[in-house]
Structures are given as structure tokens and as C-alpha cells.
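Subject: Structure for your review

Dear colleague,

Please find the structure below, handed over for your review.

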Amino acid sequence: MDIKLTRNENPAPLTPEDALGFGRVFSDHMLLWDWSAERGWHDLRIVPFAPLTLHPASTVLHYGAEIFEGLKAYRREDGGVQLFRPIENIRRLNRSAERMCLPELDENELLEALLAFVRLEERWVPKSFGTSLYLRPFLFGNDEQLGVHAVHNATFVLIASPSGSYYKEGINPVGIMIESEDVRAVRGGTGYAKCGGNYAASTRAGERAAKAGYSQVLWLDGVERKYIEEVGAMNVMFRIGDEIVTPALTGSILPGITRKSCIEVLRAEGYTVNERLLSVDELIAALESGELKEAWGCGTAAVVSPIGRFAYGDRVYTVSDGGIGEVTKQLYDTLTGIQWGKLPDPDGWVLKL
Ligand code: PLP
Ligand code: COI
């Protein structure tokens with residue numbers, strides 16, 4: 001596979017690792033790949049990081065034909081770099097593409113392109129534990145006309161952002177507001193796809209939560225407003241008595257790769273994990289009775305993030321003592337241990353560069 005490289009002649013200085021934040025600093029290059037119905041995928045190239053030029057009628061600007069992924073390159077203690085389950089992101093990108101009538105990519109070719117790009121940008125992978133090079137592949141429809149139909153032209157882009165913690169709280173517990181007005185997704189809609197529109201539609205509730213002092217919202221199902229779905233940028237898990245519960249993937253929830261990994265780690269360690277419907281009434285009852293021992297969110301950007309309190313209506317409930325739960329901490333240590341190469345990788349999740 002041929003990747004045409006135009007080097008950035010003015011590489012930027014690296015940002016100090018304690019000043020990274022999330023998604024604000026970008027590496028020197030970006031990868032571009034064009035698609036047209038006539039030619040298929042063509043012109044795979046890496047060029048200096050720069051603004052994109054779009055036709056004002058470009059499909060993405062009007063009808064939101066856009067999907068994306070998020071994965072990280074991690075620096076091991078021996079100085080090497082590795083990715084975590086990248087094939088899962090590639091497969092999810094293709095499932096999102098199918099939903100949004102965007103062109104799918106060849107899994108092996110995309111993986112090869114991803115690896116070539118990360119190798120080129122290696123110096124941007126930060127070294128401190130907890131930091132990483134966040135990779136953001138995205139794909140959008142780019143027809144230069146206003147008709148609404150499956151696109152004939154699309155562009156795939158990969159950018160990279162050295163990042164620290166997603167939440168300002170770091171590993172400290174976050175507060176989450178249960179949202180009962182807006183809904184994020186419904187079955188048959190686009191909830192399982194990672195498309196930009198899902199996030200645009202989520203922003204209003206997210207802003208309301210932020211104003212009230214909460215990090216994100218917890219979404220309820222779009223039909224009955226009864227069942228718990230997920231948080232703005234992460235899936236959720238609860239330890240209720242001896243059971244670990246996470247909402248079942250009903251079509252309106254993003255099938256998180258961290259979620260899948262948490263379930264696999266927990267089951268291997270002997271925990272009972274049930275993917276099932278969990279109503280907000282059951283959650284509130286468990287909060288009130290003290291049966292809810294722990295709650296956490298999990299996602300690539302957020303890693304494993306303890307939830308210390310939930311707001312629902314005009315009430316605020318503290319989860320246990322509001323601190324970091326035992327299983328949450330264990331899960332955080334195991335996952336981050338595998339991701340940053342401090343622990344063995346029994347299931348072959350890690351791909352070394
Ligand atoms: N749910 C939403 C809405 C997300 O944006 C994310 C982040 O990607 C997740 C869940 C977690 O998915 P993953 O673990 O694959 O990053
Ligand atoms: C990720 O965890 O990769 C995400 O996509 C979250 C993002 C919306 C910030």
C-alpha cells in the first residue's frame with residue numbers, strides 16, 4: 001500500500017505533558033484519504049497538519065454525514081509505543097459508515113495506514129503514565145451539491161492529539177446528572193453509530209448539567225425515559241449488591257470498546273456481570289437502600305471514571321461514600337496496566353508498533 005508523504009518542514013515544539021488537557025494540541029501531520037463512487041478509495045497521503053478546505057455545499061456541512069472514532073497510542077516504560085484493540089475501532093467505524101451511507105474501508109489497509117501514521121508521529125506520544133496520543137479518525141460526505149442521498153464523494157482524515165486526562169477531576173469521582181427531558185437516541189436511530197450528530201444533539205443537556213456543576217448527563221431510553229443507557233462520552237457500569245450491571249446494547253447505545261474490555265476483565269476475575277435493562281427506578285432504589293456500592297463510566301477518553309454522585313430531578317444521591325470504589329479502582333489498574341504496558345496482555349489486546 002502506497003502512502004504519499006509530504007513532510008511538515010516546521011515541526012512544532014512538544015507541549016509540556018502536564019499542560020496537555022484533552023484534544024487541544026495537535027501533531028505535525030494528518031492523514032487524508034479520498035473516496036468517490038467512480039474511483040473507490042484513492043490518494044492516500046500524509047500531509048502537514050492544516051485546515052481543510054470544503055465546498056460550501058459539502059454534504060457534511062448541511063446533512064451531518066460524519067462519523068468518527070477515538071483510540072489512543074500509549075507509551076510503555078521501555079519507550080515503545082502500542083495501540084489498544086485498534087481493530088475494534090476499525091470495525092466500529094465501518095458499522096457507523098454502513099448506518100450513515102458512507103463508504104466502508106478495508107480493515108487491513110486502514111490498520112496499516114494507522115500504524116504508518118503513528119510511527120511517523122511517534123515523538124508526539126507523551127511519556128507520563130496516564131497521558132497518550134489520542135487518535136481521531138473521521139470520515140465525512142463531501143459532495144458539492146445540495147441533494148439528499150448517499151454521497152458520491154467522501155474524505156477520511158486521521159489527526160492526533162497528545163492528551164492528558166479527559167475530565168478535570170482525573171481519576172477522582174465525577175458527578176452525573178440523570179437527564180429526563182432530552183433524549184440522545186432511539187432504537188432504529190443512530191445511537192450505536194459514532195456519528196457527529198449524536199454529540200451535537202447531546203450538547204444542550206450537557207450544557208445544562210455543566211451549569212449545575214455536573215460533568216456529564218446520564219441518558220435514559222428515548223421511548224419510555226425509563227431505562228438507563230449511557231453517559232455523554234462513556235458507557236456506565238454499576239455494582240449493585242453482588243452483581244455488576246451494565247445496560248444491554250439495544251441499538252441506541254454506543255458499543256464501547258472499553259465497556260467490552262471491562263466486561264471481559266471482570267468476568268475473567270470471577271465477577272458476575274449482567275448486560276441487561278436497568279431502570280432509573282431500580283437505580284434510585286439501590287442508591288437509597290445502599291445496595292449500590294459503586295458506579296463508574298468507561299470509555300477511551302475517560303478510561304475508567306468513578307461516579308461519586310447522581311442528580312435526578314431536584315435530588316442528589318451520593319454513591320456509597322462518594323469515593324473511588326474497590327472494583328472501579330481494580331478495573332482502572334488492570335485496564336491502564338494493560339494499555340500502558342505495565343501488566344501482561346493475556347488476550348492479545350495490545351498491538352505494538
Ligand atoms: N459512549 C459514548 C457516547 C462515547 O462517546 C464513548 C467514547 O467513545 C463511549 C461510550 C465509550 O466507547 P469506547 O470505550 O469505545 O471509547
Ligand atoms: C472517546 O472516548 O474516544 C470519545 O470519543 C469521547 C469523545 C466524544 C470525547
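Around ligand 2, the shell takes at least three residues from domain 1 (4–163) and at least three from domain 2 (174–339). Please note that this is a predicted model, and that the values given here are computed from it.

**Ligand 2**

The residues that surround ligand 2 are Phe-22, Phe-68, Gly-70, Tyr-134, Arg-136, Tyr-166, Lys-194, Tyr-199, Ala-233, Thr-300 and Ala-301. Sorted by class, seven residues of this shell are nonpolar, two are polar and two are charged.

Lys-194 places a polar side-chain atom 2.7 Å from an oxygen atom of ligand 2. Ala-301 takes part through its backbone, with an N or O atom 2.8 Å from an oxygen atom of the ligand. On its own, ligand 2 would expose 290 Å², of which the protein buries 89%. As to location, ligand 2 sits in the largest pocket.

**Ligand 1**

The largest pocket is also the space that ligand 1 takes up. There are 17 residues around ligand 1, and those that come nearest are Lys-194, Tyr-199, Glu-230, Thr-258 and Thr-300. Lys-194, Tyr-199 and Thr-300 are therefore names you will meet in the surroundings of ligand 2 as well.

Which atoms of ligand 1 lie 2.5 Å from the side chains of Glu-230 and Thr-258? For Glu-230, a side-chain N or O atom is at that distance from a nitrogen atom of the ligand. For Thr-258, a polar side-chain atom lies 2.5 Å from an oxygen atom of ligand 1. Lys-194 contributes here too, with a side-chain N or O atom 2.7 Å from an oxygen atom of ligand 1. Taken alone, ligand 1 exposes 380 Å², and the protein buries 97% of that area.

**Cavities**

The largest cavity has a volume of about 100 Å³. Its lining consists of Gly-70, Leu-71, Lys-72, Tyr-74, Phe-84, Asn-89, Ile-257, Thr-258, Gly-299, Thr-300, Val-303 and Gln-339.

With kind regards

How values were computed
Residues are numbered from 1 along each chain as its sequence is written. Chains are lettered from A and ligands numbered from 1 in the order in which they are written. This is a predicted model: local features need pLDDT of at least 70, side-chain atom pairs count only at pLDDT 80 or more; totals for chains, interfaces and linings use all residues. Side-chain values use heavy atoms; hydrogens and water are left out. A residue is near a molecule or strand if one of its heavy atoms lies within 4 Å of it. A polar contact is a pair of N or O atoms within 3.5 Å; within protein, one must be able to donate a hydrogen and the other to accept it, and residues adjacent in sequence count only if both atoms are side-chain atoms. Accessible areas come from the Shrake-Rupley method with a 1.4 Å probe; for residues, only the protein chains shown count as cover. On a 1 Å grid over the protein atoms alone, a cavity is a set of points where a 1.4 Å probe fits but cannot get out, and a pocket is an open set with protein on both sides within 12 Å along at least five of seven lines; lining residues have an atom within 4 Å of a point. A molecule sits in a cavity or pocket if more than half of its atoms lie within 2 Å of its grid points. Ala, Val, Leu, Ile, Met, Phe, Trp, Tyr, Cys and Pro count as nonpolar, Asp, Glu, Lys and Arg as charged, and the others, Gly among them, as polar. Domain bounds come from an automatic or database domain assignment. Grid points are joined across faces, edges and corners, and a volume is the space filled by probe spheres set on the points.
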